[in-house]
Every structure is written in C-alpha cells, then in structure tokens.
Amino acid sequence: MRKWLFFAPLAIFLAVSVFLYTGLFSDPWSRDSALLNRPMPEFDLPDLMQPQQRWNRELLTGEPFLLSVWGVWCPTCKAQLRFMTELREQGIPIIGLYYPLPVDPAFGDHFSLGQLQRDVQRELAYFGDPYQFNILDENRRLSFDLGVSGSPETFLVDADGTIRMHHVGDMNPRVWRNLFATAFEELQQAALVYQEVKP
Amino acid sequence: MSRLMLLAALFLFSTSLLAGDEILPFEDDAKRSLYQELVQQLRCPQCQNQNIAESNAVVSIDMRNKTYELVQQGYSRREVIDFMVDRYGDFVHYSPPLNPLTIWLWILPVVWLVLMAWYMLRRRQSAQTARASNPELEQELDAIIDAYRSKKS
C-alpha cells in the first residue's frame, strides 16, 4: 500500500501529461457533421453565371460528385482552386456552391450579380476553374440546411443524393488522399453497378 | 470635494448602452424573451466559445435571423433548438443532451464521491483495529514512556 502510494503522484503526472500531449494534436474543428448519411436538402437555386437556369436536388443526382462551398472573398478558397482544378482534370465532377457574404443596406451595400459574376470569372481564369457550374446560394439558405459554418467546405454526395462526407477546411492533396479518394472510388463503382443492374 | 461629486454623478449616466444592437419587432414579450434566451444558449459553430448573440460571424447572423423567423412563426424553445441541432449537431447548443458519452459527466462525480467515502471509511476502520489489536505492544510502549519520564524528572 505504502509503495503504491509513493508512485501515485508520478502516475497521475504521467496520465495528465499524456492527456494534454494528445490534446496538442487534436483538431478542435473536427466534429461529426449532423448531415452525414442523410439525403441532401431540397433546394431551388439559380446558376451563378446563367441565372435563368435553376438547379435542384434531382438535377444534381445520378453520379457521385463533390459539392464545394466557396466565395471570392475567402482566401483559403483561392488557395484550393489549383488542386481542385487538377481533380477536375482527373475526371472528378465538382459543383460549386457560391456562398455570398451578407450585405447590409444600412451601410450602403447592395448585391450586384453582374459585379459578382465578373469577380468570379476573373478569379477562376487566374487560379483555375474546377467547377462544372456554380449554384448561387441566395441568402445562404442551402448552406444553412447543409450545416455549413464558413467556407471552404466540401461535401461528397453519392449517386442517390446522399451526403457521404463533410469536410470543413481546404481541399488539398493530403485531405484528398486520406479522406476522399477511396470513398469516392467506392461510390463511383457502386454507381456503375447500380446503372448496370437498372434495366 | 464637490467637483469629485460632480464627476461621480456624471458616471451615473453612462450605464444604459447595453445590447442596443438589434431592434427587432416582436408580437409579444414572451416571444421577445424566448428569442433572447435562445440566442444566448445557441453556440456559434464558426467562432468557438461564443454564443450567437455575441458573435458576428456570417453563420451567427444567419442563425440569429433563422431563430427570429422561427420564433415569429410560433416555434417552441425545444423546436428551435432541434432545428439547429438537426443542421449543426449537438455542438450548437450549450447544454448537451444525455447520451452514452455524456452520461459519464453525471456518473463520474458520484462514482468519485462513493470511492472517496469508501476509502475514508476503510482507513478509519483499519486505524481503529490497529490500535485495539495489540495490547501487549501498547503496554510495552507505555512502560518505555514512563521510564523516560521518570528519568527526565
């Protein structure tokens, strides 16, 4: 008993050290998304470049794709454009969900679609364009339903329109390799099998 | 002195500048207080450890607007919280629900208390038995102490 008590402070110290040390490497942002394995929410939103074209859930489904939430105001989104353009060149469908900042009329702000289209075009021409098309998330309603807390965020959606992955933060080679690559291939295989079985 | 009093009196007028940030029209006071309670209790998913009342992150603005909208539509406190948790997870509310993980927050203190009580009880018992169990040694010790005292005096 005595001997055991003698080592107790050392044991407690070691336990606390290990606990705090692992804490150094834990990511306070990583938490399970509430949307995982749930169908993508319903929406009806315009295309960013051709506003007369409307997009909804049914139009997007059919094959697995990445849904990337971004905005020209977001520096990290700029940084990931180049790598995501590489992904597009590898044949991975990426759809942009444009996340506009709120405008406050009290400060003389107003939303100008023309200005936004020019900004987006310039940025994508400069850094690379990974997007098949962009959906303009007016009032950030779809982002809200998707549990988006900022940008960039990337969702992996399967052929049925179910959300399989929700990544908060930038897309880079490491994230793609460790989190997305295998899952995406599996979903693609599953979609092919599904299409073959379907008469 | 009177100058000092005047200065002190001036400070009395500077207290009413709290939370004048948003002026939202409500139908009745119950909805207003429900809204104010909710924005205090909902947590901003972007800027950690701020509630949505304090934070001016885009997502907090959207969450405040949504809360206002839902409260105006007559949603109850629970329904608004469920609506947010449905999108942003349990993280978004400051009081966590009871589930297999969080149950430990309630169990562990009780377990700790019971263990400590058991330990103290055992210690006291063993001390008592140790004292009572060896009368020969007690006598011997008493004899030694007596001898020491008589030698000293």
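Q: Which residue is the bridge partner of A:W70 in β4(A)?
A: A strand pairing is read residue by residue, from one bridge partner to the other. In this predicted model, A:W70 has A:Y98 of β4(A) as its bridge partner. The strands concerned are β3 (residues 65–70) and β4 (residues 94–98) of chain A, which pair in the parallel sense over five bridges.

Q: Through which helix does the chain cross from β3(A) to β4(A)?
A: For a crossover, follow the chain from one strand to the other and note what lies on the path. Here the path leaves β3(A), passes through helix α3 (residues 75–89) of chain A and reaches β4(A). This β-α-β crossover is right-handed.

Q: Over how many bridges do β4(A) and β5(A) pair?
A: Strand β5 (residues 134–136) of chain A pairs with β4(A) over three bridges, in the parallel sense. Within this pairing, A:L97 has A:I135 of β5(A) as its bridge partner. Together with helix α4 (residues 113–127) of chain A, β4(A) and β5(A) form a β-α-β unit that is right-handed.

Q: How many residues does each chain bring to the contact?
A: A contact between chains is read one side at a time. Chain A brings 13 residues and chain B brings 14 residues. On the side of chain B, the elements giving two or more residues are α3 (58–72) and α4 (77–88).

Q: What classes of residue make up the side of chain B that touches chain A?
A: Sorted by class, that side of chain B holds seven nonpolar, three polar and four charged residues.

Conventions:
Residues numbered from 1 in each chain as written. Chains lettered and ligands numbered in written order. Predicted model: local features only at pLDDT ≥ 70, side-chain atom pairs only at ≥ 80, totals over all residues. Contact = placed C-beta atoms within 7 Å. Helix = DSSP H or I, 4+ residues; strand = E, 2+ residues; numbered from the N terminus. Nonpolar A, V, L, I, M, F, W, Y, C, P; charged D, E, K, R; others polar. Pairing = 2+ DSSP bridges. Right-handed = clockwise from strand over helix to strand, strands pointing away.
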